[in-house]
Amino acid sequence: MTFKELEQQLLALSPSEKVQAIQLLAQSLSSNWQGIEKTPKVCGGDARIAKTRIPVWVLVEARRLGYSDADLLTSYPTITATDLAYAWGYAEAHPDEIELAIERNEVA
């Protein structure tokens, strides 16, 4: 996708979607993602839902296997729909990191 194509899509967003896009871009410029933590020696240092040991890559892989958000919230009762939104935003902004974590854990 070219920047020109992206620009057209961004301009077509609703005002609330534009706010979300701005928040996502601002977060991607910093290492501080709301609701997401990375701590050495906790979950191998992988990005995880804050104050849990649930890595983002686990949620992404579960979603690929057909789990819905409702299924994930049932399976992980300590997280909320907001936590999932943070995870999906982080995964979308860091696809290479998430893929590497999935691959690394498939081998383990």
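Helices (H or I, at least four residues) and strands (E, at least two) are DSSP runs, numbered from the N terminus. With that in hand, we can walk through the model. It is a predicted one: local features need pLDDT of at least 70, side-chain atom pairs count only at pLDDT 80 or more, and totals for chains, interfaces and linings use all residues. Residues are numbered from 1 along each chain as its sequence is written, and side-chain values use heavy atoms, with hydrogens and water left out.

Start with the overall plan. The protein has six helices and two strands. Along the sequence, they come in the order α-α-β-β-α-α-α-α. The C-alpha trace spans about 40 × 25 × 25 Å along its principal axes.

Accessible areas come from the Shrake-Rupley method with a 1.4 Å probe, and for residues only the protein chains shown count as cover. The accessible surface comes to about 7400 Å², and carbon and sulfur atoms hold 58% of that. A residue is buried under 20% relative accessible area, exposed over 50%, and partly exposed in between (1.4 Å probe, protein chains only). Of the 108 residues in the protein, 28% are buried.

Now go inside. In soluble globular proteins, nonpolar side chains tend to be buried together. A nonpolar core is a set of buried Ala, Val, Leu, Ile, Met, Phe, Trp, Tyr and Cys residues joined through side-chain atoms within 4.5 Å. The largest one here has 20 residues, and Val56, Leu59 and Ile98 have the most contacts inside it. Helices α3 (56-64), α5 (81-93) and α6 (95-107) each give two or more residues to this core.

What covers them? Take Val56 as an example. A contact means heavy atoms within 4.5 Å. Leaving aside neighbours within four places in sequence, Val56 is in contact with Ile36, Ala47, Arg48, Ala87, Tyr90, Ala91 and Ile98. Just after α3, Gly66 takes a positive phi of about 110°.

Is Arg48 buried or exposed? It counts as buried because its relative accessibility is 6%. Beyond residues up to four places away in sequence, Arg48 touches Gly35, Ile36, Glu37, Thr39, Val42, Cys43, Arg53, Ile54, Pro55 and Val56. A polar atom of the Arg48 side chain also lies 2.8 Å from the backbone oxygen of Thr52. That is a polar contact: a pair of N or O atoms within 3.5 Å; within protein, one must be able to donate a hydrogen and the other to accept it, and residues adjacent in sequence count only if both atoms are side-chain atoms.

Follow that contact to Thr52. Thr52 sits in the loop between β2 and α3. Thr52 counts as buried because its relative accessibility is 14%. Its side chain reaches the backbone nitrogen of Ile54 at 3.1 Å. Neighbours within four places aside, Thr52 is in contact with Thr78 and Ile79.

Finish with a contrast. Val107 lies in helix α6. Val107 counts as exposed because its relative accessible area is 74%. Val107 and Pro55 are 52 residues apart in sequence and 17 Å apart in space, C-alpha to C-alpha.
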